[in-house]
Amino acid sequence: MRIGELAERAGTTTRTLRYYESRGLLPARRAVNGYRTYDEGDLRMVRQIRTLQDFGFGLEETRPFVECLRAGHPAGDSCPASLAVYRAKLAELDTLIEQLRSVRAQVGEQLLRAEAQLPEGPDPQCEFGG
């Protein structure tokens, strides 16, 4: 298939596919007429990249998954290097979750302090200065 068809089937743009090619994630095969050509395996690789990016993985983090598919494995996450990337991403997410919990607790404490200092009676009229 040509680049336009691959882009359409993968739900991306030809520009993105050219970028993947420039980064070595997508093979750069050309037909005798000079057009890029792709097969179903390339479609699987692009879908793998896009799925991982949707999960928050950086483009370079997708490389082990692509290499696993290129090596002929049935899934991009069936190789040790891919599993290591999953583990690293989970550790990163755990750290972010803890940071968010801490920020949430601080904001909750600030809200309680602010509410405790409100005067009794009708809500005050607040004006925003510009």
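Biologist: In what order do the elements run from the N terminus on?

Modeller: The order is α-α-α-α-α. That is five helices and zero strands. Helices (H or I, at least four residues) and strands (E, at least two) are DSSP runs, numbered from the N terminus. The protein is more spread out than a compact globule, because its radius of gyration is 24 Å, well over the 14 Å that the globule rule gives for 130 residues. That radius is taken over C-alpha atoms, and the rule is 2.2 Å times the number of residues to the power 0.38.

Biologist: What should I know about the model itself and the numbering?

Modeller: This is a predicted model, where local features need pLDDT of at least 70 and side-chain atom pairs count only at pLDDT 80 or more, while totals for chains, interfaces and linings use all residues. Residues are numbered from 1 along each chain as its sequence is written, and side-chain values use heavy atoms, with hydrogens and water left out.

Biologist: What box do the C-alpha atoms fill?

Modeller: Roughly 80 × 40 × 20 Å, taken along the principal axes.

Biologist: And how much of the protein is buried?

Modeller: Buried residues make up 26% of the 130 residues. Buried means under 20% relative accessible area, exposed means over 50%, and partly exposed is in between (1.4 Å probe, protein chains only). The protein exposes about 9,200 Å², and carbon and sulfur atoms supply 55% of that. Those areas come from the Shrake-Rupley method with a 1.4 Å probe; for residues, only the protein chains shown count as cover.

Biologist: Which annotations does UniProt carry?

Modeller: The unreviewed entry has "domain: HTH merR-type" over residues 1–68. UniProt positions are given in the numbering used here, feature names are shortened, and annotations may be inferred rather than shown by experiment.

Biologist: What does the chain look like over residues 83–117?

Modeller: That span is 97% helix and 0% strand. Its end C-alpha atoms are 51 Å apart. Helix α5 covers residues 80–116.

Biologist: And residues 1–68, how much helix there?

Modeller: 56% helix and 0% strand, with the end C-alpha atoms 22 Å apart.

Biologist: Let's go to helix α3. Is Asp42 buried or exposed?

Modeller: Asp42 counts as buried, because its relative accessibility is 1%. Asp42 sits in α3, which covers residues 40–54.

Biologist: What does Asp42 contact, leaving aside its neighbours within four places in sequence?

Modeller: Leu6, Leu26, Pro27, Arg29 and Thr37. Contact means heavy atoms within 4.5 Å.

Biologist: What about Gln48, buried or exposed?

Modeller: Gln48 is also in α3. At 16% relative accessibility, Gln48 counts as buried. Not counting residues up to four places away in sequence, Gln48 touches Phe65, Leu69, Gly76 and Asp77.

Biologist: Next, where does Phe57 lie?

Modeller: In the loop between α3 and α4, the latter being residues 63–70. Phe57 is buried at 7% relative accessible area. Beyond its neighbours within four places in sequence, Phe57 contacts Leu52, Val85, Tyr86 and Lys89.

Biologist: Which residues does Val66 contact, leaving aside its neighbours within four places in sequence?

Modeller: Leu25, Met45 and Ile49. Val66 lies in helix α4 and is buried, with a relative accessible area of 1%. Val66 and Leu111 are 45 residues apart along the chain, and their C-alpha atoms are separated by 47 Å.

Biologist: Now the loop between α4 and α5. Is Pro74 buried or exposed?

Modeller: Pro74 is found in that loop. Pro74 counts as exposed, at 70% relative accessibility. Leaving aside its neighbours within four places in sequence, Pro74 is in contact with Arg44 and Leu69.

Biologist: Last residue. Where is Tyr35, and what does Tyr35 touch?

Modeller: Tyr35 lies in the loop between α2 (14–22) and α3. Not counting residues up to four places away in sequence, Tyr35 touches Arg2, Arg29 and Arg30. At 42% relative accessibility, Tyr35 counts as partly exposed. Tyr35 and Gln106 are 57 Å apart in space, C-alpha to C-alpha.
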